[in-house]
Amino acid sequence: MKPKAAAPPRVWQRMLSGRRLDLADPSPFDIEISDIAHGLARVARWNGQTSGAHAFSVAQHSVLVEEIAGLADPALSPAGRLAALLHDAPEYVVGDMISPFKALVGGEYKVVEARLQAAIHLRFGLPADRAASLTEAIKAADRVAAFFEATELAGFTANEAAKYFGRPRGLHREQLALEPWPTAEAEQRFLARFAALVEALAPPTVSA
């Protein structure tokens with residue numbers, strides 16, 4: 001008698017919305033912004049190694065990156081700003097893996113992350129793949145955010161942060177909200193920015 005084949009591993013997660021998201025083949029129809037906001041508000045940046053009464057969440061980081069992208073390019077479209085807000089959205093499923101660990105894990109993590117990012121984009125009316133120029137703009141804003149988070153919250157010296165993230169130009173700490181928000185506030189602020197950007201994306205209604 002042949003040994004019984006092992007059942008395939010579960011590769012989906014059930015969300016609080018009731019959706020069941022398949023990590024191997026994520027469908028845009030199983031993605032809800034409420035799940036993203038809820039998850040990101042509970043994922044800590046820097047593995048939680050930040051100062052303050054609250055963790056600095058990925059939701060707050062996402063709002064920060066979108067704000068920096070807009071300050072760097074005031075002409076950035078609502079679609080571009082929405083892409084910036086959602087740049088770390090896959091982390092509501094896979095968590096915020098710090099860069100040193102990503103370097104150790106290698107490419108498979110990036111494949112899963114890219115699948116999730118494409119599905120998230122499609123769910124909210126964005127192209128599955130970002131234009132190279134937009135990707136670079138978001139990466140630049142992400143590096144600026146990382147510099148200020150590192151120096152203000154994570155214990156890096158300015159020289160150390162500059163070595164890894166570059167030294168920001170034209171932006172000052174006083175312009176940015178870096179005091180960590182409580183979880184509920186981070187979730188609501190993320191949702192508020194999402195709603196504002198989606199509204200800005202909507203075509204104007206024509207009066208009869």
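# Questions on a predicted helical model

Biologist: In which helix is Ala59 found?
Modeller: Helices are DSSP runs of H or I with at least four residues, strands are E runs of at least two, and both are numbered from the N terminus. By that count, the helix that holds Ala59 is α2.

Biologist: How many helices and strands does the protein have?
Modeller: From the N terminus on, the elements run β-β-α-α-α-α-α-α-α-α-α. The count is therefore 9 helices and 2 strands.

Biologist: Is Ala59 buried or exposed?
Modeller: A residue is buried under 20% relative accessible area, exposed over 50% and partly exposed in between, with a 1.4 Å probe and protein chains only. The relative accessible area of Ala59 is 0%, so Ala59 is buried.

Biologist: Which residues are in contact with Ala59, leaving aside neighbours within four places in sequence?
Modeller: Contact means heavy atoms within 4.5 Å. Ala59 and Ala41 are 18 residues apart in sequence, while their C-alpha atoms are 4.8 Å apart in space. Ala41 is on the contact list, which reads Leu40, Ala41, Ala186 and Phe190.

Biologist: Where is Ala41 found, and what does it touch beyond four places in sequence?
Modeller: Ala41 is buried, because its relative accessible area is 5%. Ala41 lies in the loop between α1 and α2, and touches Ser57, Ala59, Thr183, Ala186 and Glu187.

Biologist: At roughly what angle do α2 and α9 cross?
Modeller: Axes are lines fitted to C-alpha atoms, for helices over the stretch in contact, and angles run from 0 to 180 degrees between N-to-C directions. The axes of α2 and α9 come within 8 Å and cross at roughly 35 degrees. Ala59, Ser62, Val63 and Glu66 of α2 make the contact with Ala186, Arg189, Phe190, Arg193 and Leu197 of α9. The angle is roughly 35 degrees.

Biologist: What is the angle between α2 and α3?
Modeller: The axes of α2 and α3 are 8 Å apart, and the two helices pack at about 145 degrees. From α2, the contact uses Ser62, Val63, Val65, Glu66, Glu67, Ala69 and Gly70, and from α3 it uses Arg81, Ala84 and Leu85. The angle is about 145 degrees.

Biologist: What does Tyr92 touch, not counting residues up to four places away in sequence?
Modeller: Tyr92 is among the residues with the most contacts inside the largest core. The residues that Tyr92 touches are Met15, Leu21, Ile31, Asp35, Ile36, Gly39, Leu40 and Ile120.

Biologist: Which residues of α1 are buried?
Modeller: Helix α1 is mostly covered, with 6 of its 8 residues buried. They are Ile33, Asp35, Ile36, Ala37, Gly39 and Leu40.

Biologist: What phi values do Trp46 and Asn47 have?
Modeller: Most residues other than glycine have a negative phi. Trp46 is in the loop between α1 and α2, and Asn47 is placed in the loop between α1 and α2 as well. Trp46 counts as buried because its relative accessible area is 17%. Both phi values are positive: near 60 degrees for Trp46, and for Asn47 about 55 degrees.

Biologist: What share of the 208 residues counts as buried?
Modeller: Among contacts between residues at least 6 apart in sequence, 64% join residues at least 24 apart. The buried share of the 208 residues is 39%.

Conventions: Residues are numbered from 1 along each chain as its sequence is written. This is a predicted model: local features need pLDDT of at least 70, side-chain atom pairs count only at pLDDT 80 or more; totals for chains, interfaces and linings use all residues. Side-chain values use heavy atoms; hydrogens and water are left out. A nonpolar core is a set of buried Ala, Val, Leu, Ile, Met, Phe, Trp, Tyr and Cys residues joined through side-chain atoms within 4.5 Å.
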